[in-house]
Amino acid sequence: MEEDVLYHLDLGTKTHNLPAMFGDIKFVCVGGSPNRMRAFAQFMQRELGLAAAGEDVADICAGSDRYAMYRAGPVLSISHGMGIPSISIMLHELIKLLHHAKCRDVTIIRIGTSGGLGIEAGSVVITDMAVDSSFQPRFEQVVLDDVVVRSTELDKDLAEELLACSRDIPDFPTLIGHTMCTYDFYEGQGRLDGALCSFSSEKKLEYLRRAYEAGVRNIEMESTAFAALCGLCGLKAAVVCVALLDRLEGDQIRASHEVLWEYQQRPQRLIAAFIRKRLGLTHTD
């Protein structure tokens, strides 16, 4: 194409000098909430010694109301909304952006929240395998009128590197496990508290226990699409999510805003430690 318009990011190859803007990016962190990814960019600026506490960051995608994008040195922080359709659109345009910007050796990490399975609230799960609602490591994408099945394998060395970094942050538990990705927050995740409920509490618990026995330790709504797209495009990728509750104990998230805010910072703290280590920085730098 003579011109590539990245419509949902409000960027383009003719309207922006993408290599100058993004060519030095080495880490891309994506998460659902624009506010959370803005806070993460501010946190990374402080962690990398690039800005004073509280200094604001500019939204690179300010011309679009679909996604928000911020940067802190070699780190790009982008929101992706909720669910597979929303993250898929963002990833297509992000991956093209990295290509047009001539980025090399980029690591991409999804940081977010999830429902835990047989683990305590506040635990951080590093995904070794993203699985569907049948506990299979696959992502089914309808292309024209064909159902295309794609692998959801993630980079195992990256997962182990992240787990090693977590040992320097002892104040919350971190583990590696399977992440189940669903198309819905309520019925799709076996919740009894939605507008519709077509199954019993016993059926729900039987399903969630089978998921646990299959190795699932948390549930969210983006990981299979994220793993499939990144894998097909040759990007080293990881998923790191905090569990807001244990779904074997209930459906509703009842923790206070203060507790939830601290939980949401846990994946950010782990990724910051990982990036600092990759860049050869210590906390005395």
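**The cavity and a helix pair**

Guide: Let us begin with the lining of the largest cavity, which is formed by R36, I111, G112, T113, Q264, P267 and Q268. The model is a predicted one.

Visitor: Which elements give two or more residues to that lining?

Guide: Two or more residues come from β6 (107-116) and from α7 (257-278).

Visitor: How many residues of each class does the lining of the largest cavity have?

Guide: Four residues of the lining are polar, two are nonpolar and one is charged.

Visitor: What is the volume of the largest cavity?

Guide: Its volume is about 30 Å³. The search of the whole structure finds one cavity of 30 Å³ or more.

Visitor: Let us turn to helices. How are two packed helices described?

Guide: One gives the angle between their axes and the distance between the axes. Here, helix α3 (residues 84-100) packs with helix α6 (residues 223-232) at an angle of about 20°, and their axes are 9 Å apart.

Visitor: Are α3 and α6 roughly parallel or roughly antiparallel to each other?

Guide: Angles under 35 degrees count as roughly parallel, and α3 and α6 are therefore roughly parallel to each other. Their crossing is right-handed.

Visitor: Which residues meet where α3 and α6 pack?

Guide: From α3, the residues are I84, I87, S88, L91, H92 and I95; they meet T224, A225, F226 and L229 of α6. Of the residues in this contact, seven are nonpolar and three polar, with no charged ones.

Methods: Residues numbered from 1 in each chain as written. Predicted model: local features only at pLDDT ≥ 70, side-chain atom pairs only at ≥ 80, totals over all residues. Heavy atoms only, no water. Axes fitted to C-alpha atoms, helices over the stretch in contact; angles between N-to-C directions. Helix = DSSP H or I, 4+ residues; strand = E, 2+ residues; numbered from the N terminus. Parallel < 35°, antiparallel > 145°, perpendicular 65-115°, else oblique. Left-handed = near helix turned anticlockwise from the far one by under 90°. Contact = heavy atoms within 4.5 Å. Nonpolar A, V, L, I, M, F, W, Y, C, P; charged D, E, K, R; others polar. 1 Å grid on protein atoms, 1.4 Å probe; cavity = no way out; pocket = protein on both sides within 12 Å on 5 of 7 lines; lining within 4 Å. Points joined across faces, edges and corners; volume = space filled by probe spheres on them.
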